[in-house]
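This briefing covers a predicted model. The points below are grouped by topic.

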Amino acid sequence: MIETHSLLPGVTLRCCRDPRFKQGCLSIQLVRPMAAQEAAMNALLPTVLLRGTTRHPDLRGITMALDDLYGAAVSPLVRRVGDYQTTGLYCGFMDQRFTLPGDRVLEPLADFLQELLFCSPLEGGGFREDFVESEKRNLISSIDCELNDKQTYAMGQLLKRMCREDSFGLPRLGEKEQVTAIDPVGLYRHYQKILLESPIEMFYVGSAPGEEVAALLKPLFDLPGREPAPLAPQTDLRPSPAGEYTETMEVSQGKLCLGFTTPITNRREEFAAMQLLNIIYGGGMTSKLFMNLREKQSLCYSVGSNYYGSKGIVTVSAGIDCGKREQAQQEILRQLELCRQGAFTQEELNAAKQALISSLRATHDSPGAIEGYYATATLSSLGLTPEAYIQAVSAVTAPQAARAAETLKLHTAYFLSERTTPHDPI
Amino acid sequence: MIQFDYPELDETLYQEILPNGLTVAVVPRRGFARSTAYFVTGYGSIHNQFRLEGERYQAPAGVAHYLEHKMFELPGDRDVTAEFAALGASVNAFTSYDMTAYYFTCTQAFDQCLRLLLEFVSTPYFTQESVDRERGIIDQEIGMNLDAPDSVIFDNLMAALYENHPIRIPILGTRESIREITPEILSLCHRAFYSPGNMLLCVIGDVNPKSVAEIARQVLGDEKRPVGERETAWQEVMTPVEAETVCAMEVAMPTFSMAFKCESTGAGSEAIRREMVADLAAEALFGESSELYLWLYEQGLIDSSFGGGFETLEGCAMLCVSGDSNDPRAVREAILQEGERLSQEGISQEEFLRMKRSALGRRIRGLDSMDGTCFRICAYHFSGFDYFRFPEIYRDIRREEIQEFLGRVVRRERCAISIIYPLDGEERQ
């Protein structure tokens, strides 16, 4: 189903030819180690590339070019996959069969990507200063705006504290101070450097044959002096000292986040058991956490758990009444204890299997999901196709799921609470 | 069933109205693993005043949403969510201003899932105890929205724009109004609006259309039941109640949402045409390819969070735009000025064609999303239009219409803005 084309050393194109869709997608990712000294630059880079080219010198020119391609979209793509960070572009475009006669989509889009990647307007040996400065402001405001969604904010704070000694504790978009320190020349040099040394992953989903796409994209990264270095393999979580934290804010609902560690990562055989355990425990509306904290005890509106397989972390987050923190935490831990004892029914295990299998089966139903699954799986060393993954999930037994629960250790608690001192209304 | 083909979109739609009044719409998607079914009533948070069998009723705010939560329980302690999970499917629901939708997605056991969906949505079962328990959950949900800037800013804007239209009240109701909701009120609203004649079943996936209609008929029967008459004659002038509404919250930078009041679009294909004209006008005024967007972006007045479009609902319509900005009022002034300029100068034919092509392409791409497509088919169904006819509507729109819309709508006297400022720095440590 997925064809892999090694276009050049360190440049891989994966293609999924599928005529069912009305749109296609293409992603281009430069793969980097997640590191404090470059995370912010990698996050900023694609936004600067998308500001203009020598031929389409401003945002309006860029959008008009995309409008001509039937409303194609090119957006910055910055992912964190375990110890790696990727930086690049993601395009979505209408399938060829809906165009007016004679119009093409993929070929002009490839030309346009070439232009975005390699024809940035330069000044004084760097990117244009006004582009860089305004995108820095935007990036800083998106970092700041994570505060607006309290659930996301609280989860970010938990992971930051829990993974202080690990690359996983670095925020995906870098820290504000690092963004501030970026200058146009430094950013351009960094870009030139990573173009020459990074492994590059491209992924195409659409109706065109793989060979055609390969021929179209091969010239993109045929750069003189390019010597890609392989990346260090993914690592397990390097633990930091455990802790308990409370922060107060002007909120009416508290957010309780708990972080657990487990040696089980997606590189280990017990991975499928851990995924299932996570679903039984806190994944979705039939989970133990949802059924007990929300449905039976009305302790919260939202509650759920998440498993980060690349690192071996399970987190729980709950939106609760600030006065009910103790009660909620006890109940969250009690439900985990029940999982450890294997106190879940065959139905609960089967339902978890069905849910996971169903979502894996549906992977092939949308270009975005196909790209997301394979592009991430490859990088995180999850060596399973959705089909093989389904097999592994089907084979998990109840004792295996309970054993996965036994490996979970509470590491860090973070509570975002309401401020108790009154303050003047504005 | 009647088969409608849309070769331009590579789509086929099967439709039938059952003897009980239910509309069944099926869009087959061969070769896809996932199927999804939406069972939807044209009843939402704005329909609190209605008549049923000669009586007139006024329900508390938030009842449509409360009812949605309570539908998931069945007699005999049956838990609907768990039953779907056991079939390997996932079920969910949402309540909007004018619809309540129940839907599932599955990759197997479609027929069983469909039966279960139809059964639980048409079975009212409300005990005092479970209605009381739900109040705690909805209270938390309201609390969550009160902490969410996006939701506060929008609710504030609606309250500033509209004097009488119930869009000014949050979909969830208020902590006070939900205290008035009883099992009897829930039963009454269910009886009024969950009759098949007020509902649509929309299915997308690798399914047999005839068997979908047959299952619906078996589960729901042939009886036609009365449907509540919604009282929707809300009087609105085109001037907002307040031009500005401002508050402070835990946000990182000021954020705003503004809107221009528009005449209601009515129903049917004329309504959709008006909507698409307004969408293109929004694109021309402040879309990413507009001169205004470029100017605001380069001035640092907006960032990529900026965007907007035309919103329409029974009895009201508006051109909305929102985003983060350190100077929301300057953004408003720039939009007003540019609106005036465009209404005098218009846009070039070349720009107009490019915009249409782009809008059409984006809509075609959007068809790949089963949920998005189901949602649009349902929403347009209740306003009396077949969604898949959008290409012909686009073809028919002329550029003068864009100019006329902007001249009529983008005016200071129609505008309201809602702003949230950060709590001041000192208080935030």
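For a chain of 429 residues, a compact globule would have a radius of gyration near 22 Å, and the 23 Å of chain B agrees with that. Along the principal axes, the C-alpha atoms of chain B occupy a box of roughly 60 × 55 × 45 Å. The model is a predicted one.

**Chain B overall**

- Chain B holds 14 helices and 17 strands.
- Of the 429 residues in chain B, 52% are buried.
- When contacts in chain B between residues at least 6 apart in sequence are taken, 81% of them join residues at least 24 apart.

**An open sheet in chain B**

- Five strands of chain B make up an open sheet with mixed pairing, in the order 13-17-14-16-15.
- The edges are taken by strand 13 (244-249) and strand 15 (307-313) of chain B; each has a single partner strand, so one side of each lacks a neighbour in the sheet.
- On average, and with direction ignored, neighbouring strands of this sheet are turned by 15 degrees against each other.
- Strand 13 of chain B pairs with strand 17 (residues 415-422) of chain B in the parallel sense, over 6 bridges.
- Within that pairing, Val246(B) has Ile419(B) in strand 17 of chain B as its bridge partner.

**Helices across the sheet**

- Helix 5 (residues 149-161) of chain B lies across strand 13, strand 14 (255-262), strand 16 (316-324) and strand 17 of chain B.
- The angle of helix 5 of chain B to strand 17 of chain B is about 145 degrees.
- Helix 10 (residues 328-345) of chain B also lies across several strands, namely strand 14, strand 16 and strand 17 of chain B.
- Helix 10 of chain B runs at about 155 degrees to strand 17 of chain B.

- Leu52(B) is part of strand 5 (residues 49-52) of chain B.
- With 16 other C-beta atoms within 10 Å, Leu52(B) counts as partly exposed, because that class lies between the limits of 12 or fewer for exposed and 20 or more for buried.
- Neighbours within four places in sequence aside, the contacts of Leu52(B) are Tyr57(B), Arg191(B), Ala192(B), Pro226(B) and Gly228(B).
- Tyr125(B) is 73 residues from Leu52(B) along the chain, and their C-alpha atoms are separated by 20 Å.

**Strand 2 of chain A and its partners**

- In strand 2 (residues 11-17) of chain A, 5 of the 7 residues are buried, so the strand is largely enclosed by the rest of the structure.
- Strand 1 (residues 2-8) of chain A runs antiparallel to strand 2 of chain A, and 6 bridges join them.
- Glu3(A) has Cys15(A) in strand 2 of chain A as its bridge partner.
- These two strands form a hairpin with 2 residues between them, and Gly10(A) in the turn has a positive phi of about 75 degrees.
- Strand 8 (residues 200-206) of chain A pairs with strand 2 of chain A in the parallel sense, over 7 bridges.
- Phe203(A) in strand 8 of chain A stands opposite Arg14(A).

**Domains of chain A**

- Chain A is divided into domain 1 (2-221) and domain 2 (243-418).
- Between the C-alpha centres of domain 1 and domain 2 of chain A there are 30 Å.
- The contact between these domains of chain A involves 27 residues of domain 1 and 26 residues of domain 2.
- On the domain 1 side, the elements giving two or more residues are strand 2, strand 3 (23-33), helix 5 (150-162) and strand 8 of chain A.
- Helix 5 of chain A gives the most to that side, with 9 residues.
- The residues of the domain 1 side comprise 15 nonpolar, 8 polar and 4 charged.

**Contact between chain A and chain B**

- Chain A brings 53 residues to the contact and chain B brings 52 residues.
- On the chain A side, two or more residues each come from helix 2 (59-68), strand 5 (84-94), helix 4 (129-145), strand 11 (300-308) and helix 12 (346-361) of chain A.
- Helix 12 of chain A gives the most to this side, with 8 residues.
- By residue class, the side of chain A that touches chain B has 18 nonpolar, 21 polar and 14 charged residues.

Note on methods: Residues are numbered from 1 along each chain as its sequence is written. Chains are lettered from A and ligands numbered from 1 in the order in which they are written. This is a predicted model: local features need pLDDT of at least 70, side-chain atom pairs count only at pLDDT 80 or more; totals for chains, interfaces and linings use all residues. Helices (H or I, at least four residues) and strands (E, at least two) are DSSP runs, numbered from the N terminus. Two strands pair if DSSP finds at least two bridges between them. Two residues are in contact if their C-beta atoms, placed from the backbone, lie within 7 Å. Ala, Val, Leu, Ile, Met, Phe, Trp, Tyr, Cys and Pro count as nonpolar, Asp, Glu, Lys and Arg as charged, and the others, Gly among them, as polar. Axes are lines fitted to C-alpha atoms, for helices over the stretch in contact, and angles run from 0 to 180 degrees between N-to-C directions. The radius of gyration is taken over C-alpha atoms; the globule rule is 2.2 Å times the number of residues to the power 0.38. Domain bounds come from an automatic or database domain assignment.
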